[in-house]
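Biologist: Please show me the model, and I will ask what stands behind each label you attach to it.

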Amino acid sequence: MEKEFYTISVYIDKDENLIGIPCGESDKYGIADIDTVLLLKAPYTDKALEEYIEKVFNACYTKKHNDSVETSTIERYTKKKGFVEATADYTMISLVKMATGYSLMPTFNDYEKGPLAIDDDEHMLPIGYNEGELAEIFRGFIEVYLKANIFYKEKAELEAEKKAKKKGNN
């Protein structure tokens, strides 16, 4: 490992397809997402999932962050304006690779602020983890957080609908 750490964001859609975005150096931010998007279509095996995650990590620092562009990589990929809007249909998992191991952190999608890290559910894995361990943690996050985010998104949409109807009746 030549860098102190590598960080990636993996966005998961409702069908469990994955959008991986690696980091790179940035003169403006220090480290930020780069203009590289790697996809993995569902269904996939645990082995394919783990290989994909390593592929996204390997793409880190292959180019610099585009400091001249105001929008994030996920905004440009989804073609939606604003980070909150661009991430609204996804569950994000943040992964960090260090010399000693991996940190996997799920997020909860706040529909006003975007993905918020769930520090209490961070999982650590050693660099030499056993095959299938990373996939097991990742799939566990999908099971819990993807379903929760879909539930809360639907609930927020219903509340917005109620407010709009109430406004229309006044």
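Biologist: What makes Leu39 buried, exposed or partly exposed?

Modeller: The model is a predicted one. Leu39 has a relative accessibility of 45%. Buried means under 20% and exposed means over 50%, with partly exposed in between, so at 45% Leu39 counts as partly exposed. Leu39 is found in strand 4.

Biologist: Which residues is Leu39 in contact with, leaving aside neighbours within four places in sequence?

Modeller: Leu39 is in contact with Leu18, Ile19, Tyr52 and Tyr77. Ile19 is 20 residues away along the chain, and its C-alpha atom is separated from that of Leu39 by 4.8 Å.

Biologist: What makes strand 2 and strand 4 a pair?

Modeller: Three bridges join strand 2 to strand 4. Pairing needs at least two bridges, so the three found here are enough for strand 2 and strand 4 to pair. The two strands run antiparallel, and Gly20 stands opposite Leu38 in strand 4.

Biologist: Why is strand 2 described as largely enclosed by the rest of the structure?

Modeller: Strand 2 has nine residues and eight of them are buried, so the strand is largely enclosed by the rest of the structure.

Biologist: How do you know whether Ser26 is buried or exposed?

Modeller: Ser26, in strand 2 (residues 18–26), has a relative accessibility of 6%. The limit for buried is under 20%, so Ser26 counts as buried.

Biologist: What polar contact joins the side chains of Ser26 and Asp67?

Modeller: The contact between these two side chains has a distance of 2.6 Å. The limit is 3.5 Å, so the pair falls within it. A polar atom of the Ser26 side chain also lies 3.2 Å from the backbone nitrogen of Lys28. Not counting residues up to four places away in sequence, Ser26 touches Ile31, Ala32, His65 and Asp67.

Biologist: Which residues have the most contacts inside the largest nonpolar core?

Modeller: They are Leu18, Ile53, Leu95, Leu104 and Phe138, in a core of 31 residues. At least two residues of this core come from each of strand 1 (5–12), strand 2, strand 4 (38–40), helix 1 (46–58), strand 5 (91–98), strand 6 (101–110) and helix 4 (133–169). Helix 4 gives the largest share, eight residues. Another core, of seven residues, lies apart from it and includes Tyr11, Ile19, Ile21 and Ile74.

Biologist: Which residues does Leu95 contact, leaving aside neighbours within four places in sequence?

Modeller: Among the contacts of Leu95 are Tyr6, Ile53, Phe57, Leu104 and Phe138. Thr7, which lies in strand 1, is also one of them. The side chain of Thr7 reaches the backbone oxygen of Leu95 at 3.4 Å, and with a limit of 3.5 Å this therefore counts as a polar contact.

Biologist: What is the phi of Lys79, and is the residue buried or exposed?

Modeller: Lys79 has a positive phi of about 60° although it is not a glycine. Its relative accessible area is 73%, and exposed means over 50%, so Lys79 is exposed. Lys79 lies in the loop between helix 2 and helix 3 (83–87).

Biologist: Where is the cis peptide bond that has an omega of about -5°?

Modeller: That bond joins Ala42 and Pro43. Pro43 lies in the loop between strand 4 and helix 1.

Definitions and conventions
Residues are numbered from 1 along each chain as its sequence is written. This is a predicted model: local features need pLDDT of at least 70, side-chain atom pairs count only at pLDDT 80 or more; totals for chains, interfaces and linings use all residues. Side-chain values use heavy atoms; hydrogens and water are left out. Helices (H or I, at least four residues) and strands (E, at least two) are DSSP runs, numbered from the N terminus. Buried means under 20% relative accessible area, exposed over 50%, partly exposed in between (1.4 Å probe, protein chains only). A polar contact is a pair of N or O atoms within 3.5 Å; within protein, one must be able to donate a hydrogen and the other to accept it, and residues adjacent in sequence count only if both atoms are side-chain atoms. Contact means heavy atoms within 4.5 Å. A nonpolar core is a set of buried Ala, Val, Leu, Ile, Met, Phe, Trp, Tyr and Cys residues joined through side-chain atoms within 4.5 Å.
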